[in-house]
Amino acid sequence: MDELIRGLSSDGFVKISAVNTRNLTEKARNIHMMLPVVTAAIGRTMAVTSIIGNSMKENGSSITVRINGGGPVGTIMVVSDNFGNVRSYVQNPAVDLPLREDGKLNVGAAVGNDGTLTVIRDFGFGEPYTTTTQLVSGEIAEDFAQFFVESEQVPTACALGVLVDRDQSVLAAGGYVVQLLPGAPEELAIAVEENVHKSGSVTSMLSVGTLEEMVYRVMDGFNVKIVEKNSIEYKCYCSRQRVLDAVVGIGKAEINKILDEDKKIEVKCRFCDKVYTFTKNDFVEN
Ligand SMILES: [Zn+2]
C-alpha cells in the first residue's frame, strides 16, 4: 500500500512530508507502457505532486503539474487530488536513453532543461492559481526545490527517487519535502541539509525500511512527531458523463461528421486508458 505521512519537529520550525509511491508508479508504468527513464521521470513527478496535492486542504481542490523541458519525453502532466491521490500522462512513454556515467537513469536528458514547470492550484471555486518557473536540470527534485523557493519563498529540501528493476518493474519509489517554517533559526537549515546529505537516497531508504523510518532518519535530531498518515493511490476521476460533456464541446457538426463515417465516437482517457464509446443515441437532444 502506498502512503503519505506528515511530520513536524517538536520546536515547530521544521515540517516534512514523505510518500511511498511504489505501487502507483508501477500502475502508471503499466497504463502508459513506459520505459525505465520515463518511469523515473513520471514517478518522481507523481511523488512530489502527491505531496503538494495533500497540502491543499479544501475538499474538491486539486493540483496540476505540467513539465515541458524540450527533451524527448515531451510534455509530462500529473494531477493530484487534495488527499494526494495522483494520475499522470506523458507524451512519449517509450523514450530510451543510455545510462549516465554513474549508472543512473538519465532523467535530466529525457525531460530536458530548456523549458518550464507549471503548477496550477485549483481550489474547486474561483480562478485557479498558476505558477510557472524555469526548469533547473530536468531531474525533477531540483526543479521543484527551485519552484518552492520562488513561489512560496520557503527554504525547501526535496528528494525524489524511483528504482527500476531489470524487468523494468518498479522496485521502490517515493520522496520527501522538508520545509522550514517562518522564524526558524538559520542553523536549522544547515542541520536539515546535513541530514539530507547523510541519510542517502530515497530509494535506498525505502528499499530496506518503512516510510516512517525514512522520515525519522531525515529528521534525525529534530524530535519529529507524525501528525498525519494516509494511504494514497493512482486514481482517475474520469466518467462517462464527463467525457461526453467534453465530446459535446467539439460541436454538433463535427460530431455528426464522425458518426456518419464511423457510426461511433471513441474517446480514450489519457490518464487511465479507459475507452468510452458513444453512438448516435448518446447525443439525442431532450
Ligand atoms: Zn481516466
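Val162 has Ala173 in S9 as its bridge partner. This pairing belongs to the predicted model described here, in which S8 and strand S9 (residues 170-180) run antiparallel and are joined by nine bridges. The two strands are part of an open sheet of five strands, ordered S8-S9-S2-S1-S10 and paired in the antiparallel sense.

Helix H2 (residues 36-54) lies across strand S1 (2-9), strand S2 (14-20), S8, S9 and S10, and runs at about 140° to S8. Helix H5 (residues 186-199) lies across S2, S8 and S9, with a direction at about 10° to S8.

Another open sheet is formed by five strands in the order S5-S4-S3-S6-S7, again with antiparallel pairing. Its edge strands, strand S5 (86-90) and strand S7 (129-134), each pair on one side only. From one strand to the next, the twist averages 15°. Within this sheet, seven bridges connect strand S3 (residues 62-68) and strand S6 (residues 116-122) in the antiparallel sense, with Ser62 standing opposite Asp122 in S6. Helix H4 (residues 141-152) packs on the sheet and touches S6 and S7; the direction of H4 makes about 125° with that of S7.

Helix H1 (residues 22-32) is mostly covered, as nine of its eleven residues are buried. Just after H1, Met33 adopts a positive phi of about 55°.

For the protein as a whole, the secondary structure comes to nine helices and twelve strands. Buried residues account for 40% of the 286 residues. Of the contacts between residues at least 6 apart in sequence, 65% join residues at least 24 apart. Taken along the principal axes, the C-alpha atoms fill a box of roughly 70 × 45 × 35 Å. The radius of gyration is 20 Å, which agrees with the value near 19 Å that a compact globule of 286 residues would have.

Key: Residues numbered from 1 in each chain as written. Predicted model: local features only at pLDDT ≥ 70, side-chain atom pairs only at ≥ 80, totals over all residues. Pairing = 2+ DSSP bridges. Helix = DSSP H or I, 4+ residues; strand = E, 2+ residues; numbered from the N terminus. Axes fitted to C-alpha atoms, helices over the stretch in contact; angles between N-to-C directions. Contact = placed C-beta atoms within 7 Å. Buried ≥ 20, exposed ≤ 12 C-beta atoms within 10 Å, placed from the backbone. Rg over C-alpha atoms; globule rule 2.2 N^0.38 Å.
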